[in-house]
Amino acid sequence: MTAQRAAYAALLVAAAFYFAVANNRESLVLLVVVVMLLAADAIMALIARRTMRVTLDMPRTCTRGAMLDLTVDVDLPKPVVYGMLSLRVVITNRLLGATRSILLKSAFKKLGGSNKKICVDARHCGAITVSCDGGTVTGPFGLISLPISLNDQHELLTYPQKKDLAVILASSPQAQLSSYTYDNRKGSDPTEIFDIRDYADGDSLSTVHWKLSAKAGSLVVREASRPTGFDTLVLLDTFSDSDMETVGGDQADDVFALARSISAEQAADGLAHDFAFPNGDHLEVCQVETPVQTTQALELALRVPLPQDPGHGLELLLRSLTFEYTKVICVASSLSRAAAMELSSQCDLSVVNVSRSSKSVSTESGPYSIVTIPVGSFMREIRSVTV
C-alpha cells in the first residue's frame, strides 16, 4: 500500500502544481478528479468496514505436528468493488503459555466477498486459542486504511501423538481398588452396595440378591458403589520452561504422550487407576477404567497451564496423599529427588523421565526406579517401558 500512497501523493502534488501554474479549467478538473479518488477510496473503505462480516473457520481437534487449514471468510452484503483486509491472528497455547501471531491479507470483491486459507502448524500439544486481534480494511485504491475490531475466537485442542506402548509392571500393585467408596455414586466395587433394584435384561446373575429375591417374590439385584480412588496412580509432572517454543515444548509433548500411552495401556489391560496432574496449588485426579477415560482426563490436563516449578506434581502429591496408593508411575520432565525419596517410602514409585540427554537409561535410584527417555525419541524408538 505504501507504493500506491506514494504514487498518489506525487500525482496530487503534480496536479496542484499544474493548477497553480496553468490556472485554467483543465487543471482544475484534474485536481478535482485526483481529490475525488481519495474520497472514493475512503467511502469504499468505510462501507466495507461497516458491512463486512469476517469469520475464522478451523478444525476443533488435531494431533501434534498436523498442518491445519485456517480459513478466513469475508462476507460483504453491500456491493464494494474491491478492497483489502489485513488481520492479525493470535495463536495462544494455554498449556505452554506461548503466543505467536500471523498477519493475514485477503482481497475481497463485489460478489459475496472472498475466503482465504492458510496453513498453520500445530507445533505442540495443548489447548490453543486462535483469535483475531484487530486489523485494517483498505479501499480499492489502497489509499485509505481504517481499523476494524473483531471478536472471533476458536479453541483448538491439540493432542499428543498416540502410540501403542507395552507397559511392564516390575512389581504389581497389591490391589486394584482402594478402600474408600462414594456413598452416592454407583460403580463396580462388589464389596460396597450402592442400591437395590429389580432385575433387568442383561444383568449378571452374580449381582442377584437371592435372599431379598426370595422374600420379594421376584429377582432383585445389587448395584455396587464406585470407589473414590484406585491403588495405581499415573502422575503427569512437567513444567513451563523458558524455551517452550523449541526443545522445552518438545519435552512437554513427550511427557504428555508417554502419560497418555501408559494410562491407555493400563486401562486396556483392565488395570483401573487414577490419572493426576498439577492444577495451580492442587492435584486434579481423574479415575480411569477405560482408554476413553484416559482421553477425557488428558483433555482436562491440556487446558491447564503448566506450573512454573519443576517437580511440582510430586510435591503436591506428598501434601495431598489421601488415597492408599500402592503404585505411583510419575511421568516427568524434571524430578524432585527429595520428594521422590520421601514418596518411595510410602509406595512403590517408578519415574519415567523425559530428559535432554541422548541415551535411554533404566536405573535404580535407591528405593525407586528411573527410566530415562531422550526428548524426541519416544515416537521413533520406544516400544515398551518397565515401571
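Predicted model: local features only at pLDDT ≥ 70, side-chain atom pairs only at ≥ 80, totals over all residues.
**Stop 1: helix 7.** Select residues 337-344, which form helix 7, and colour Ala339, Ala340, Leu343 and Ser344: these are the buried residues of the helix. Look down the axis and you will find them on the same side of helix 7, because they cover an arc of only 130 degrees around it.

**Stop 2: what lies over that side.**

Stop 3: Keep helix 6 and helix 7 on screen and hide the rest. Their axes are 9 Å apart and the two pack at an angle of about 35 degrees, in a left-handed crossing. Show side chains next: from helix 6, Leu314, Glu315, Leu317 and Leu318 meet Ala339, Ala340, Glu342 and Leu343 of helix 7. Sorted by class, this contact has six nonpolar residues, two charged ones and no polar ones.

**Stop 4: the largest nonpolar core.** Which members of this 39-residue core touch the most others? Select Phe256, Ile262 and Val352 to see them. Then bring up helix 4 (residues 247-268), which supplies the largest share of the core with eight residues.

Centre the view on Phe256. Setting aside neighbours within four places in sequence, Phe256 is in contact with Leu95, Cys125, Pro160, Leu236, Thr238, Leu298, Ala301, Leu302 and Leu306.

**Stop 5: a separate core.** Finish with another core, of 28 residues, which lies apart from the largest one.

Conventions: Residues numbered from 1 in each chain as written. Heavy atoms only, no water. Buried < 20%, exposed > 50% of the residue type's maximum accessible area, 1.4 Å probe, protein only. Helix = DSSP H or I, 4+ residues; strand = E, 2+ residues; numbered from the N terminus. Arc of directions from axis to C-beta. Axes fitted to C-alpha atoms, helices over the stretch in contact; angles between N-to-C directions. Left-handed = near helix turned anticlockwise from the far one by under 90°. Contact = heavy atoms within 4.5 Å. Nonpolar A, V, L, I, M, F, W, Y, C, P; charged D, E, K, R; others polar. Core = buried A, V, L, I, M, F, W, Y, C linked by side-chain atoms within 4.5 Å.
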